[in-house]
2 protein chains.
Amino acid sequence: MNSSEFRRRGKEMVDYVANYLEGIEGRQVYPDVEPGYLRPLIPAAAPQEPDTFEDIINDIEKIIMPGVTHWHSPYFFAYFPTASSYPAMLADMLCGAIGCIGFSWAASPACTELETVMMDWLGKMLELPEAFLAVKAGEGGGVIQGSASEATLMALLAARTKVIHRLQAESPELTQAAIMENLVAYSSDQVAATLGTTTCCSFDNLLEVGPICNKEDLWLHIDAAYAGSAFICPEFRHLLNGVEFADSFNFNPHKWLLVNFDCSAMWVKKRADLANAFRLDPTYLKHSHQDSGFITDYRHWQIPLGRRFRSLKMWFVFRMYGVKGLQAYIRKHVQLSHEFESLVRQDPRFEICAEVTLGLVCFRLKGSNKVNEALLQRINNAKKIHLVPCHLRDKFVLRFAICSRTVESVHVQVAWEHIKEMAADVLQAERK
Amino acid sequence: MNSSEFRRRGKEMVDYVANYLEGIEGRQVYPDVEPGYLRPLIPAAAPQEPDTFEDIINDIEKIIMPGVTHWHSPYFFAYFPTASSYPAMLADMLCGAIGCIGFSWAASPACTELETVMMDWLGKMLELPEAFLAVKAGEGGGVIQGSASEATLMALLAARTKVIHRLQAESPELTQAAIMENLVAYSSDQVAATLGTTTCCSFDNLLEVGPICNKEDLWLHIDAAYAGSAFICPEFRHLLNGVEFADSFNFNPHKWLLVNFDCSAMWVKKRADLANAFRLDPTYLKHSHQDSGFITDYRHWQIPLGRRFRSLKMWFVFRMYGVKGLQAYIRKHVQLSHEFESLVRQDPRFEICAEVTLGLVCFRLKGSNKVNEALLQRINNAKKIHLVPCHLRDKFVLRFAICSRTVESVHVQVAWEHIKEMAADVLQAERK
């Protein structure tokens with residue numbers, strides 16, 4: 001495919017994408033396929049000679065779409081949101097074209113520098129303590145990770161390396177293994193210190209945990225994967241109080257801040273803690289500026305060596321929405337979850353199972369786990385909306401998460417009417 | 001931005017991308033900027049009100065491009081290639097629009113199933129032993145990782161978990177830490193067993209290493225990050241002989257097989273080895289099919305929980321090039337590296353420092369490291385082409401890697417004339 005064919009096919013793909021997202025409400029949110037559906041639909045091996053683009057684009061509707069769970073349907077209320085916005089998609093097109101690998105400053109200076117500045121922009125939106133920012137040429141700074149899991153792993157490994165170095169400095173006879181046998185990572189039953197757990201969006205009290213960690217010289221990592229986006233709104237910022245006690249902090253703009261996956265934002269107070277744990281300096285990656293003290297070589301901050309130009313997505317989204325637009329987006333989702341909460345509360349057959357703080361409502365039928373399992377199964381089999389469950393203490397609970405960028409009050413109302421119908425069926429079946 | 005504005009802006013972006021790649025030869029391959037160039041060019045914080053798309057697109061040429069190292073310029077001969085092709089970019093647009101997160105089969109069946117089948121297609125192209133494929137519902141299978149580093153880490157952790165379980169089964173009194181203190185990971189001075197090292201594209205002899213690993217019950221992981229793509233050509237397949245002894249194998253289609261970053265292909269003979277080390281089953285990720293034995297839930301195969309629909313890129317590229325087109329692409333690059341090699345060999349001032357097998361030529365001026373360092377510095381300061389060095393034993397060596405999708409004989413010739421000129425200058429300066 002040469003560039004003139006790309007011009008034509010690229011524009012067709014732009015229309016396909018716009019059509020898909022405009023029409024997504026009309027697609028069944030959860031697919032009908034059974035495991036193994038795809039293999040018989042395509043050849044057993046790659047073609048020797050090229051297929052045409054028409055063949056491929058036709059196969060998207062025939063082979064791919066029947067097996068897609070439509071995460072951006074306004075009837076998708078499962079898991080947590082994954083971000084999707086047009087500005088982020090435009091930025092990703094540019095990212096693909098530049099196609100640089102930003103493992104060092106020299107490998108593409110713009111890739112590294114825009115990331116550092118975007119992480120400062122985002123840190124300021126959250127009113128993070130200045131110690132986490134790179135702006136003042138201080139010791140802190142931010143980095144884009146692929147996921148919150150990777151951020152947690154980085155924090156764990158950095159903390160482990162730091163404590164091993166400290167103990168070996170005090171007692172040089174100690175082996176790494178002897179130290180590691182005695183290391184303890186504390187966590188709650190939902191993981192790290194968490195703001196906005198996946199199960200029920202609960203919050204650890206950083207003002208209690210933080211001072212203890214500081215006093216005992218423990219590394220405190222805070223994971224706010226979902227909830228972090230909400231902290232750009234002043235009315236939710238108090239949930240982040242205590243972050244000043246942390247060594248590292250992470251949340252996922254790719255969940256709730258309109259920056260398409262992957263973009264997990266991680267800040268540390270001492271960038272040297274990461275770089276010391278992961279430094280990698282073969283000759284072919286060295287460059288003339290690297291020892292200047294000025295330079296960020298992000299390969300020392302992460303597990304992979306390679307990295308894409310992901311900060312373009314942040315730049316496009318922050319500029320095209322503006323902070324006020326992003327705040328309005330968060331507020332709309334929170335308002336919709338409260339609307340759903342109040343519908344549930346008006347029905348005496350149901351109960352709310354956890355405080356509704358942001359965009360997640362945990363609810364259930366008053367009664368057995370069995371009846372709630374039956375309700376969820378009936379809802380997900382009908383495939384009009386899509387939900388997933390959780391366990392809170394011993395109770396089986398349904399999670400209703402506001403997810404789609406295009407979800408409106410009408411979708412929440414339709415979903416609730418549907419849930420009530422399914423509940424009536426389940427309760428009737430139970431009485432028989 | 002609504003969908004009708006996206007239709008307009010998306011098409012403008014398609015043209016921008018095509019213009020950028022058509023005209024990339026005219027851009028200086030390595031930028032002039034100094035560290036810290038970007039921060040003064042943009043505001044200190046995100047705007048409160050939205051910027052316009054025109055503002056942003058104008059800033060790309062003003063702020064971003066001056067700091068980009070153009071990896072896809074035909075004058076870029078540094079590191080190793082990073083893949084770029086139009087079919088992969090089209091697939092990425094679709095991937096962004098579907099925007100599903102494929103951590104489980106149910107989270108988007110097409111995302112999981114296309115990946116499994118594409119990894120089989122690719123495995124067949126490489127003539128991998130059938131034990132690595134999923135096709136026969138056997139114990140093996142493939143997965144897309146983000147990078148070779150992650151694949152290596154997964155292999156290490158899976159191997160460690162496996163040996164700990166084995167030793168604890170034999171001697172239940174052993175603690176994890178006691179076992180870990182005695183575990184050894186063997187590697188050469190270039191890392192795992194490697195096919196095509198980054199330094200000089202050398203190859204470990206799997207037919208020697210493999211049987212020893214099997215006899216001693218050691219996990220053998222093979223990393224062919226760069227070279228693996230070449231094994232789709234029958235004339236290079238012999239370099240992979242001995243893969244049948246391995247437990248896991250990995251290479252990066254995102255380097256040399258026209259599938260844009262990130263797409264690192266990893267196969268294991270026993271998928272249970274990965275899943276046993278990383279199993280994660282909270283209620284909100286359970287689904288009705290997961291215990292059927294049929295199902296792949298890729299979250300157990302990787303560090304992150306979330307994952308994009310990356311197999312679309314493989315599907316588009318494999319179909320639009322065909323196996324023959326991909327082979328032709330590899331062969332062209334290898335031919336160009338041999339062309340450069342023969343130019344170097346014709347000049348008695350230079351020497352070739354390692355066997356040229358694929359697309360990398362390691363060369364240097366006969367003489368001191370100092371003169372070669374001066375040569376590289378002069379080349380990279382002129383910014384007409386871009387190279388990086390390596391150390392082979394104690395020698396400072398220049399690496400000439402065939403990288404760009406659009407590089408032709410003429411670019412290699414121009415680069416060589418330029419290198420000779422720079423060498424003449426360096427040698428003259430030395431004589432003074």
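## Close-up views of a predicted two-chain model

**View 1. Chains A and B meet through the same surface.** Of the interface residues of chain B, 100% are interface residues in chain A as well, so the two copies use the same surface to meet. Please keep in mind that this is a predicted model. Chain B can be laid on chain A by a rotation of 180° with 0.0 Å of shift along the axis, and the RMSD is then 0.0 Å. The two copies are thus related as by a two-fold rotation axis. Which residue of chain B comes closest to the rotation axis? That is B:Lys11, whose C-alpha lies 2.6 Å from the axis.

**View 2. Chain A as a whole has twelve helices and nine strands.** Its radius of gyration is 24 Å, close to the 22 Å that the globule rule gives for 432 residues, so chain A is as compact as a globular protein of that length. Along the principal axes, the C-alpha atoms fill a box of roughly 75 × 60 × 45 Å. Of the 432 residues of chain A, 62% count as buried. The chain exposes about 16,200 Å², and carbon and sulfur atoms supply 51% of that area.

**View 3. A:Leu206 sits in helix H7 of chain A, which covers residues 206–216.** Is this leucine buried or exposed? With 2% relative accessibility, A:Leu206 counts as buried, because the cut-off for buried is under 20%. Leaving aside residues up to four places away in sequence, the residues that A:Leu206 touches include A:Ala193, A:Leu195, A:Ile222, A:Leu240, A:Val243 and A:Phe245. A:Phe245 is 39 residues from A:Leu206 in sequence, yet their C-alpha atoms are 7.9 Å apart in space.

**View 4. Helix H9 of chain A, residues 271–278, has buried residues.** These are A:Asp273, A:Leu274, A:Ala275 and A:Phe278. What covers them includes helix H5 (148–170) and strand E5 (264–268) of chain A.

**View 5. A:Ser337 is a buried serine in chain A.** This residue belongs to helix H10, which spans residues 311–345. Setting aside residues up to four places away in sequence, A:Ser337 touches A:Val356, A:Leu358, A:Gly359, A:Leu360, A:Val361 and A:Ile402.

**View 6. A cis peptide bond links Phe261 to Asp262 in chain A and in chain B.** Most peptide bonds are trans. From A:Phe261 to A:Asp262, omega is near 5°, and from B:Phe261 to B:Asp262, omega is near 0°. A:Asp262 is placed in the loop between helix H8 (253–256) and E5 of chain A. In chain B, B:Asp262 lies in the loop between helix H9 (253–256) and strand E5 (264–268).

**View 7. B:Lys383 and B:Arg393 have positive phi values.** Most residues other than glycine have a negative phi. For B:Lys383, phi is about 65°, and the residue lies in the loop between helix H12 (369–382) and strand E8 (388–392) of chain B. For B:Arg393, phi is about 50°, and its place is in the loop between E8 and strand E9 (395–401) of chain B. B:Lys383 counts as buried at 17% relative accessibility, whereas B:Arg393 is exposed, with a relative accessible area of 74%.

Note on methods:
Residues numbered from 1 in each chain as written. Chains lettered and ligands numbered in written order. Predicted model: local features only at pLDDT ≥ 70, side-chain atom pairs only at ≥ 80, totals over all residues. Heavy atoms only, no water. Helix = DSSP H or I, 4+ residues; strand = E, 2+ residues; numbered from the N terminus. Rg over C-alpha atoms; globule rule 2.2 N^0.38 Å. Buried < 20%, exposed > 50% of the residue type's maximum accessible area, 1.4 Å probe, protein only. Areas by Shrake-Rupley, 256 points an atom, 1.4 Å probe, with all protein chains shown as cover. Least-squares fit on C-alpha atoms with pLDDT ≥ 70 in both. Contact = heavy atoms within 4.5 Å.
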